[in-house]
Amino acid sequence: MQFGVETSAPGAFSALNTHTPNTNPSVKVLILGGAFGVGLGGLLRTGGDTSHDVAVGSDGTARVTRPLVNLGPDGKSSLDRWVDVISKCAGPAGEQLVSLDETYVVANSDNVHEYVSWSLEGGGVDCMSKQSEKIAIGNIVDNGASSSDPRPGPASDLRFAVDTVLGNQHHVVVIDGHNAPVAGFDLGKLVSCAVSRGKSTLVRVDMDSQSCGADASDFVHLTLAPAAEGSKRYGPHADVLSVVPFPGTESNTNVAVGCAMFLRSETVSLLPRFFTEVGDLEPARESLGRFLAWVASRTRLTACAVPNGVAFPLTTENDLATANKFYAFYADQQSKALGEICPKNRPAPKQSSNESTLRMQMLADRFAAIDKRRGSVKTHAMKAALDLDMLLPLFFEKIKKESEGDENDHSGFTVIGPDGKETRPLPFRFRDADAWNSSKNKPKQHPCYVTTQNVSYGKAPTIADMPQRWHGVRGEFTSKFTGGNYADSGLVVGNLKSKVHASLDGE
């Protein structure tokens, strides 16, 4: 998780009261959005970018509020996408784990009015319905800092929010709003894991496959306990052994903190003590990482692998371009899968007789019973078609080709799969289901019942039927070998054995 952002907060804080354990603490959400965005604003202004809003302060400094930058073909900002993630945060039984009513945003004096405008956008008759999908104005907190003030960092913003609106009697889900999440980010997995295990929990990402193009020095690195003694793999919920908070420091692990974390009330209550003991938090961008390192040395933290727990950083022009391309790529894949799995112009079945009508009703009842027991087949098919373990490697392969200008050679490109092993992107023959021709000689359907042969024979594959992994041979030998087929040119000198009688051997 980057959490290494230029955020600001007032220089002084009032001491918290002694923490009294809460027997039934609630879960609140805090989105860090107080970065000034001066670095990105300067880059966009210098590069002449007009596709994003660049504000200019009274001192002529250009800045960009990164959580509100529009991304992708749908024009949703990072904050819009986090609102979607929070609204869908549910437990295993479908219960809602967090609420937008208990979600807060930390802003600064320079950009707080932009967050207020975002919360109120829509206006008119739809104002209330629009606002119900946003974060309320009263939950947008101004930390009182401006770009001319020193920047204590995200840890100070967290403490400011705890002092003013959150309190230290509640669990807090901290989200880095300066990173845009991918579709299907499972925040419910993080909350469920932290609540069930009774520990503060961090989303973890694999730097080899889930860094989304960000530099490793922008992450807070973790050392995790292995799944078994001597193993190099980690369990789905691994204990944190140590935290490396300083970007650029050598680390023996490729695991880093993701863009969200669940801090239990016991951990939140340690903030005043941390600021008292540590004192100077320069450089400010590393303050939250230093807090995690300080906490990890005193209590136990857990790192959780969250489904689709990937987010795109929004720090540079290239970051914005990569995020825009991914959301466009994902929308294209979603549209294609939807057209294949749920076509709009599917012809209605012909019902030539009462017998056919009865058979169709029997099939409909049968499929409805299966859907009720196992879930909707279409939902499962869409989930498989939009599996990010498959789409992310394909997307970054596409970006790699565009950057190198080579449309054919990708022999050196490898991907680390979810099992921790190297795999390769799917060959083109496995990516496009439309390229596969279905048989034209499909046998005639029996009028009374469906046979297995008729269900599977000649059925055109969809994107959900295509493989998601490919471990095929690379073919280097075949592509370089110039000879023909193998032929045995050796001389047989042994006696032939007769199958009739031993006296006939050799004849």
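A: Let's begin with handedness: a crossing is left-handed if the near helix is turned anticlockwise from the far one by less than a right angle, and right-handed if clockwise. This is a predicted model, where local features need pLDDT of at least 70 and side-chain atom pairs count only at pLDDT 80 or more, while totals for chains, interfaces and linings use all residues. Residues are numbered from 1 along each chain as its sequence is written, and side-chain values use heavy atoms, with hydrogens and water left out.

The protein has 15 helices and 17 strands (DSSP runs numbered from the N terminus: H or I of at least four residues for helices, E of at least two for strands).

Now to the first pair. Helix α10 (residues 317-341) packs with helix α12 (residues 377-385) at an angle of about 145°, and their axes are 10 Å apart (axes are lines fitted to C-alpha atoms over the stretch in contact, and angles run from 0 to 180 degrees between N-to-C directions). Here α10 passes α12 in a right-handed crossing. On the α10 side, Gln334, Ala337, Leu338 and Ile341 make the contact, meeting Lys378, Ala381, Met382 and Ala385 of α12 (contact means heavy atoms within 4.5 Å). By class, this contact has six nonpolar residues, one polar and one charged (Ala, Val, Leu, Ile, Met, Phe, Trp, Tyr, Cys and Pro count as nonpolar, Asp, Glu, Lys and Arg as charged, the others, Gly among them, as polar).

A second pair is formed by helix α5 (residues 154-166) and helix α8 (residues 271-278), which pack at about 140° with axes 10 Å apart. These two helices are therefore oblique to each other (under 35 degrees is roughly parallel, over 145 roughly antiparallel, 65 to 115 roughly perpendicular, the rest oblique). The crossing of α5 and α8 is left-handed. Ala155, Ser156, Leu158, Arg159 and Val162 of α5 touch Leu271, Pro272 and Phe275 of α8.

Leu158 turns up again in the largest nonpolar core, which has 36 residues; Leu158, Leu30, Leu222, Met261 and Phe291 have the most contacts inside it (such a core joins buried Ala, Val, Leu, Ile, Met, Phe, Trp, Tyr and Cys through side-chain atoms within 4.5 Å; buried means under 20% relative accessible area, exposed over 50%, partly exposed in between, with a 1.4 Å probe and protein chains only). Helix α9 (residues 287-296) gives this core its largest share, six residues.
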